[in-house]
Amino acid sequence: MSASPLAPGAPRSGTTFLGLPTAPPGVGHLRGDRPFPDAARTALRDGQLRANLGRATTTIRGKRAAVVSEVPHWEQLRQAGKALKAATMARLDEHLEELERQVTARGGTVHWARDAAEANRIVTELVRATGSSEVVKVKSMATQEIGLNEALEAAGIEAVETDLAELIVQLGQDSPSHILVPAIHKNRSEIREIFSRTLPHLQGPGASPGLTDDPRQLAMAARAHLRERFLRARVAVSGANFAVAETGTLSVVESEGNGRMCLTLPQTLITVMGIEKVVPRWADLGVFLQLLPRSSTGERMNPYTSTWAGVTPGDGPQEFHLVLLDNGRTAVLADEVGREALHCIRCSACLNVCPVYERTGGHAYGSVYPGPIGAVLSPQLTGVEDNASLPYASSLCGACYDVCPVAIDIPSILVHLRAEHVEAQEKPTAEAVAFRGLARVMSSPRLWHLAQRAAGLGRLLARGRPTLPAALPPPASAWTRTRDLPTPPGRTFVQQWNEEHRS
Ligand code: SF4
């Protein structure tokens, strides 16, 4: 262990201190520069973006539904995943320490990073020590979360993304908008334009002309660029889908083979992993490796599942470093309701079914974690006040819960975080005042009957239509601008009851 995970004075669980602070501001990508409603409004005006998202999410949803329906015991598998995650979180400190022992015993080095800044510093120093000025990267949410590419660039180290979609985003100087398909907002002709403009072998006098929108041509252009980078790289940086405590095994699942190249060719491998990715036993992988590919890419198996433990003399990287990242996770763990968000295996199924995500895309969330899981994870990692609009970025329809392979109750966490946000307000919000008034009215039969009679006046505004007009006067307009308010019935329930039971 090269740095202590322990915070003096913090609450303890077993032998490891828990309750570290939330992710610090100014580093990494967990906070947007605009609240969700503002950013969403901009996204909704982009017709091309909506068309791209609609097409892509519809396709992935269909593939997932088909392969999930093939598994007769899917619900039991899902509950097994949920139970395994809950049991792991209950003894997370012990599993992490076991993981550290096993990785170290197999020749790896474990580093503990309290937050994004510390993780970036550790990785930068490790790369510097190799003398290399570039690294190849396997797609990793944790390194995006901490802003590792920017930190390496500031130190004069170039980070090359090797996942095709990540490469598109990087070359286009864009940011990812989906956990699994970071360039979901780009169509083929936009990708062709980015490649033609940026890939070195497509530039200059000797370049092969006429790159088209053909997927094979686009893939081959990226392949030619990446092959050269793989072969010359001395250092690779990866994330991890899982880490097995009992064996010290790390695992990365991917579809393109770029991960396998990064994990085997360079001399030095540095893996940055959120502490929640640990599982206790090798056998636990059997559950998650069934749940993940069907939920994410809609495949029965991942094309590439790489596992490694420490270093093997003469085979693969000869130096292996594992950076265990907190960055607000132990703070999430301390919340009895919210901690379920740490069960996430980043399959992205909840994004693909979310009616809000499908219309706004990922950028509107301002965090590397978009969609329903982002709406519950980002505010907890940063503290709710730094991402206060995200728990409201949901219709609470529950589709995210229905598809989640580890049955995370996202709607309940959203409601919990909304309550936390409201309770944190020093001055009562207009909503709080309105609900206080409503509580008063609903607890007095006389006021309630008067209110019902007054509501009947709404029929005049409706002029025979089934819903009230969108432009009710403020403050009611804030509600009706985006929702239908049914026209009050001619008779209230009590009136009907009295009339029918009078005889
Ligand atoms: S919350 Fe569930 S559905 Fe969403 S990405 Fe995580 S594991 Fe997948």
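**Briefing: sheets, helices, domains and ligand shell**

Strand E8 (residues 249–254) is joined by six bridges to E11, and these two strands run antiparallel. The pair belongs to a predicted model, in which E8 and E11 are part of an open four-stranded sheet with mixed pairing. A six-stranded open sheet whose pairing is parallel is also present, and the domain assignment of the protein chain gives domain 1 (12–21 + 81–329) and domain 2 (430–501).

**The mixed sheet and its helix**

- The four strands of this open sheet follow the order E10-E7-E8-E11; strand E10 (278–279) and strand E11 (304–309) each have a single partner strand and stand at the edges, so one side of each is left without a neighbour in the sheet.
- Within the antiparallel pairing of E8 with E11, Leu250 is the residue that stands opposite Trp308 in E11.
- Helix H12 (residues 285–296) lies across strand E7 (242–244) as well as E8, E10 and E11, and the helix runs at about 170° to E7.

**The parallel sheet**

- Six strands make up this open sheet, arranged in the order E3-E12-E9-E6-E4-E5 with parallel pairing, and its edge strands, each of which pairs on one side only, are strand E3 (109–113) and strand E5 (158–161).
- Neighbouring strands of this sheet are turned against each other by 25° on average, when direction is ignored.
- Strand E9 (residues 268–274) pairs with strand E12 (residues 319–325) in the parallel sense over seven bridges, and in this pairing Leu269 stands opposite Phe320 in E12.

**Helices H19 and H20**

- Helix H19 (residues 430–442) packs against helix H20 (residues 445–455) at an angle of about 110°, and the axes of the two helices are 6 Å apart.
- Because angles of 65 to 115 degrees count as roughly perpendicular, H19 is described as roughly perpendicular to H20.
- The contact brings Arg440, Val441 and Met442 in H19 together with Leu447, Trp448 and Ala451 in H20; by class, the contact has five nonpolar residues, no polar residues and one charged residue.

**Domains**

- Taken over C-alpha atoms, the centres of domain 1 and domain 2 are separated by 54 Å.

**Ligand surroundings**

- The ligand is surrounded by 14 residues, of which the closest are Cys344, Cys347, Cys350, Ile373 and Cys404.
- Sorted by class, the shell around the ligand holds 11 nonpolar, two polar and one charged residues.

Key:
Residues numbered from 1 in each chain as written. Predicted model: local features only at pLDDT ≥ 70, side-chain atom pairs only at ≥ 80, totals over all residues. Near = placed C-beta within 6 Å. Nonpolar A, V, L, I, M, F, W, Y, C, P; charged D, E, K, R; others polar. Domains from an automatic or database assignment. Pairing = 2+ DSSP bridges. Axes fitted to C-alpha atoms, helices over the stretch in contact; angles between N-to-C directions. Contact = placed C-beta atoms within 7 Å. Parallel < 35°, antiparallel > 145°, perpendicular 65-115°, else oblique.
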